[in-house]
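Please look through the structure shown below and follow the text alongside it. The text goes from one region to the next.

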Amino acid sequence: MPGTAASDALLVVDLQYDFMPGGALAVAGGDEVVAIANRVARGFANVVLTQDWHPAGHISFASRHAGRRPFEAVTLEYGAQILWPDHCVQGTRGAELHRGLDIPHAQLVLRKGYHAHTDSYSAFVEADRRTPTGLAGYLRERGIGRVFLVGLATDFCVAWSALDARAAGFAAVVIEDACRAIDTGGSLAAAWREMASAGVRRTESSRL
Ligand code: VGL
Ligand code: ZN
């Protein structure tokens, strides 16, 4: 399953300081993914980086909801939302892409989660499940048919992006060893189940 076809793209999801060990929403082993992503990206002509990019006081922050704590679930206008520590606030260091990322040929940095009242785990469609980011159109116009995914976190932004890639008609392949999970409340097992039933495939970076 070589990823070098002109119609393949690699999506490098949210390799930002706030998701690294020591960050505001640290993902265990998140920093290990950077070197793997760099290596994988060398095999792709088409690379898109994503960047979680929230305004201060974003609706997904527990600090915005009186009496709520991070990792609690609440119901918002658009449905279920897990509350998070403040993270990836626009213009802060925590929102910056890891400086060890070495993918100079990446063509697009796609920011998401910038609407104050809507989260967006997915790089394709916001959490209201209606507002597109424009990524599907971008990939389609560029003749992309298959999207490979690496990054953070397996069970949130990677999984939702992979599911929405499928929903938009792309083949989707998650490179499992190039991702790390948050795994809160069974989220990782649930994400793999949903991805499997949506036809998302999984592979290892050594197989590319
Ligand atoms: C993410 C939770 C909140 C992610 C982003 O990148 O997976 N998770 N914001
Ligand atoms: Zn976020």
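The largest pocket holds about 360 Å³ of space. In this predicted model, 20 residues line that pocket, and the closest to its centre are Ile82, Tyr121, Phe156, Trp160 and Glu194. Strand S4 (79-82), helix H3 and helix H4 each supply at least two residues of the lining. Helix H3 gives the most, with 6 residues. By type, the lining of the largest pocket divides into 12 nonpolar, 4 polar and 4 charged residues.

How many cavities of 30 Å³ or more does a search of the whole structure find? The search finds 1. The space in the largest cavity is about 100 Å³. Its lining is made of 13 residues, and those closest to the cavity centre are Phe19, Leu25, Asp52, Tyr121 and Cys157. Of the lining residues, 9 are nonpolar, 2 are polar and 2 are charged.

Is Asp52 buried or exposed? Its relative accessible area is 3%, and buried means under 20%, so Asp52 is buried. The side chain of Asp52 makes a polar contact of 2.9 Å with the side chain of His54, and another, of 3.0 Å, with the side chain of His87. Leaving aside neighbours within four places in sequence, the residues in contact with Asp52 are Asp14, Gln16, Phe19, His87, Cys88, Ala95, Lys112 and Ser120.

Lys112 also has a polar contact with Asp52: their side chains are joined at 2.9 Å. Lys112 is found in strand S5 (residues 108-112). With a relative accessible area of 1%, Lys112 is buried. The side chain of Lys112 also reaches the backbone oxygen of Ser120, at 3.3 Å. Beyond four places in sequence, Lys112 is in contact with residues including Asp14, Thr50, Gln51, Trp53, Tyr121 and Cys157. Thr50 is 62 residues away from Lys112 in sequence, yet the C-alpha atoms of the two are 7.4 Å apart in space.

Thr50 is also touched by Val13, a residue of strand S1. Val13 counts as buried because its relative accessibility is 0%. Not counting residues up to four places away in sequence, Val13 also touches Val150, Gly151, Leu152, Cys157 and Val158. Asp86 is 73 residues from Val13 along the chain, and 18 Å separates their C-alpha atoms.

Which residues of the largest nonpolar core touch the most other members? They are Leu10, Leu11, Val12, Leu139, Val174 and Met195, out of 59 residues in this core. The elements that give two or more residues to the core include strand S1 (8-13), strand S2 (47-52), helix H3 (154-167) and helix H4 (187-197). The largest share, 7 residues, comes from helix H3. Helix H3 is also the element that gives the most to the lining of the largest pocket.

Val12, one of the core residues named above, is in contact with Ala37, Val47, Val48, Leu49, Thr50, Leu101, Ile103 and Val150, leaving aside its neighbours within four places in sequence.

Terms used: Residues numbered from 1 in each chain as written. Chains lettered and ligands numbered in written order. Predicted model: local features only at pLDDT ≥ 70, side-chain atom pairs only at ≥ 80, totals over all residues. Heavy atoms only, no water. 1 Å grid on protein atoms, 1.4 Å probe; cavity = no way out; pocket = protein on both sides within 12 Å on 5 of 7 lines; lining within 4 Å. Points joined across faces, edges and corners; volume = space filled by probe spheres on them. Nonpolar A, V, L, I, M, F, W, Y, C, P; charged D, E, K, R; others polar. Core = buried A, V, L, I, M, F, W, Y, C linked by side-chain atoms within 4.5 Å. Buried < 20%, exposed > 50% of the residue type's maximum accessible area, 1.4 Å probe, protein only. Helix = DSSP H or I, 4+ residues; strand = E, 2+ residues; numbered from the N terminus. Contact = heavy atoms within 4.5 Å. Polar contact = N/O pair within 3.5 Å; in protein donor to acceptor, adjacent residues only side chain to side chain.
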